Amino acid sequence: MSSARRLLLVCLGLLATACAAVAQDQSEPRYVYAPERSIDGGTGMFYMGRETSGVMGHLAAEWLERPTRTHEEMPDEVVENMALRPTDVVADIGAGSGYFTFRIAAKVPQGKVLAVDIQPEMLAMVEARRLNENVSNVEGVLGDLQSTNLPPDSVDVAFLVDAYHEFSHPYEMMQSIFTALKPGGRLILVEYRGEDRNVPIRPLHKMTQAQVKREMAVFDLQFEETLDFLPWQHMMIFSKR
Ligand SMILES: C[S@@+](CC[C@H](N)C(=O)[O-])C[C@H]1O[C@@H](n2cnc3c(N)ncnc32)[C@H](O)[C@@H]1O
């Protein structure tokens, strides 16, 4: 990318941050659009200084199920650290092929997992596995770009792995997630560490803790803690006040 284009994107990022601050109670634009998207999967749309990434299409679902993922992302340890109760209702938002969905389902035998995604093809993979493994506490939910389509106060834990950074409407999605959480419910965000150049993931698919906190601060969420045991990701936990 040329330095002029990079400078333009940085300026747009700063403008988006300023607009987002004003937009909380005014009619300034929440999102700012660059004339060109960044290489490496950017959308050209900025929210609070961050360019959102494109959505991972269902044709790449095999990558989500890659065998190396067990040591790269330690899914069993992630689920262990969610501190779930057997009765919890968990929304796996941006569930993809269900890589985490079924691990979570095993931990909430009297609860359920709502696998939310915008791609019907992803939900079809979840449903195929549900039938194949005869799992009774997983339900697919077709969301849209701006909503989880979950009812208010219906979820104990909203869980997002490698998904939030690719929301095309992060504000509206978070509003929907916030509304779906029960009071005291928890939001668990797992994102690749944006602070760490050694994490071998494209920059727009990573987030820094500071950026996550900035974007969550728009909602009445309390930051609880970051668990840093993962090789590549942060596991950040918030609760609904
Ligand atoms: C990189 S995949 C991660 C899938 C899964 N969480 C995992 O870790 O295996 C991101 C998923 O988020 C979904 N997604 C993107 N925008 C969404 C939105 N607004 N609402 C729900 N899902 C969304 C995509 O369709 C995709 O399946």
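Biologist: Which residues come nearest the ligand, of the 22 around it?

Modeller: Gly94, Gly96, Tyr99, Val161 and Ala163 come nearest. A residue counts as near if its C-beta atom, placed from the backbone, lies within 6 Å of the molecule. This is a predicted model: local features need pLDDT of at least 70, side-chain atom pairs count only at pLDDT 80 or more, and totals for chains, interfaces and linings use all residues. Numbering runs from 1 along each chain as its sequence is written.

Biologist: What makes up the shell around the ligand, by class?

Modeller: The shell has 15 nonpolar, four polar and three charged residues. Ala, Val, Leu, Ile, Met, Phe, Trp, Tyr, Cys and Pro count as nonpolar; Asp, Glu, Lys and Arg as charged; the others, Gly among them, as polar.

Biologist: How many helices and strands are in the chain?

Modeller: Eight helices and 11 strands. Both are DSSP runs numbered from the N terminus: helices are H or I with at least four residues, strands are E with at least two.

Biologist: Why are strand E1 (32-33) and strand E3 (50-53) called edge strands?

Modeller: Three strands form an open, antiparallel sheet in the order E1-E2-E3. E1 and E3 are the edges because each pairs on one side only. Pairing takes at least two DSSP bridges between the strands. E1 and strand E2 (residues 42-47) have two bridges, so they pair. Tyr33 stands opposite Met45 in E2.

Biologist: What makes a set of residues a nonpolar core?

Modeller: The members are buried Ala, Val, Leu, Ile, Met, Phe, Trp, Tyr and Cys residues, joined through C-beta atoms within 7 Å. Buried means 20 or more other C-beta atoms within 10 Å of the residue's own, placed from the backbone. The largest core has 48 residues; Ala91, Ile93, Ala158, Phe159 and Leu160 touch the most other members. E7 gives the largest share, six residues. Another core, of five residues, lies apart and includes Val32 and Phe46.

Biologist: Which residues does Ala91 touch?

Modeller: Among them are Leu114, Val116, Phe159 and Ala180, leaving out residues up to four places away in sequence. Contact means C-beta atoms, placed from the backbone, within 7 Å.

Methods. Buried ≥ 20, exposed ≤ 12 C-beta atoms within 10 Å, placed from the backbone. Contact = placed C-beta atoms within 7 Å.
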